[in-house]
Amino acid sequence: MPTTVRWPVRVSRGVSVYDRFRKEKKGALGLHFEMEKGDTVYAMRCGTVVEVGIPEREPDAPAVSFTSESPDLLVEQPDGTLAWYICLDGDNVLVEVGDEVLPGTPLALAGSYDGERYKVSVQTFWWESNPDPKERERKPFIRKHFFPQFVTEEGVVCVEKGVYRPVETEELVIREMNRKELKKHRGGKKR
């Protein structure tokens, strides 16, 4: 999970605002992990940071507000899937484009839309070619979302709404690492 393993975390599945207004049930896109102010968001898997988005703020704009342009970052994982970390603290992003991350690498601090509740939202997906030739010019690729499985005290689960305590084992952490990453990991600290 993108949270500390020191204590349980409340998780819920997210629904796109657009789908909520259209009343579509299939709109669940990501997972929301409730956090506290100052909590660190961690990389869930190995990968490369391919995008960091920190929207410009007007000088007189409120520090927090509901917006579709919250600070975020995108990590491409070894199997070609992507993890999109959304609702970060834009003043405390700890990685840059091109950085290689390992499981447990600090990415940023948790963000907030209202200044009271802190969280990080994560969407995981891969790109698939659009099979419809009529739509291919407008949408050549389609995002295919999936919900990852996590190791928790309850075992390996695809998390739903509830409270979970993540578990971190050495086997999970080093599973996708190459020799260079293993060497880097051995010098790292536990979250």
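Of the 191 residues of the protein, 38% count as buried, where buried means under 20% relative accessible area, exposed over 50% and partly exposed in between, with a 1.4 Å probe and protein chains only. This is a predicted model, in which local features need pLDDT of at least 70 and side-chain atom pairs count only at pLDDT 80 or more, while totals for chains, interfaces and linings use all residues. Residues are numbered from 1 along each chain as its sequence is written, and side-chain values use heavy atoms, with hydrogens and water left out.

**Exercise 1. Describe the secondary structure and the contacts of the protein**.

Solution. Step one: the protein has three helices and 14 strands; these are DSSP runs numbered from the N terminus, helices being H or I of at least four residues and strands E of at least two. Step two: among contacts with a separation of 6 or more, 60% join residues 24 or more positions apart, a contact being heavy atoms within 4.5 Å.

**Exercise 2. Identify the residues with the most contacts inside the largest nonpolar core, and the elements that give two or more residues to this core**.

Solution. Step one: a nonpolar core is a set of buried Ala, Val, Leu, Ile, Met, Phe, Trp, Tyr and Cys residues joined through side-chain atoms within 4.5 Å. Step two: the largest one has 27 residues, and F33, Y85 and V159 have the most contacts inside it. Step three: β1 (9-15), β2, β5, β6, β9 (106-112) and β10 (118-129) each give two or more residues to this core.

**Exercise 3. Characterise the aromatic pairs of F33 with F150 and of F125 with W127**.

Solution. Step one: rings of Phe, Tyr and Trp (its six-membered ring) pair if their centres lie within 6.5 Å; planes under 30 degrees apart count as stacked, over 60 as edge-to-face and the rest as tilted. By this rule there are three aromatic pairs. Step two: F33 and F150 are edge-to-face, with 6.1 Å between centres and 90 degrees between planes. This pair links distant parts of the chain, with F33 in strand β2 (residues 28-35) and F150 in strand β12, 117 residues apart. F33 is buried at 0% relative accessibility, and F150 is buried at 6%. Step three: F125 and W127 are also edge-to-face, at 5.5 Å centre to centre and 85 degrees between the planes. F125 is buried, with 1% relative accessibility, whereas W127 is partly exposed at 46%.

**Exercise 4. How many salt bridges does a search of the whole structure find****, and where do R45 and D79 lie****?**

Solution. Step one: a salt bridge is a side-chain nitrogen of Lys or Arg within 4 Å of a carboxyl oxygen of Asp or Glu, and the search finds five. Step two: one of them joins R45 and D79, whose closest N and O atoms are 3.3 Å apart. R45 lies in the loop between β3 (40-42) and β4 (47-53), and D79 in the loop between β5 (72-76) and β6 (82-86), 34 residues apart. Step three: R165 and E153 form another, at 3.7 Å between the closest N and O atoms. R165 is in the loop between β14 (162-164) and α2 (170-174), and E153 is in the loop between β12 (150-152) and β13 (155-157), twelve residues apart. R165 is partly exposed at 28% relative accessible area, whereas E153 is exposed at 58%.
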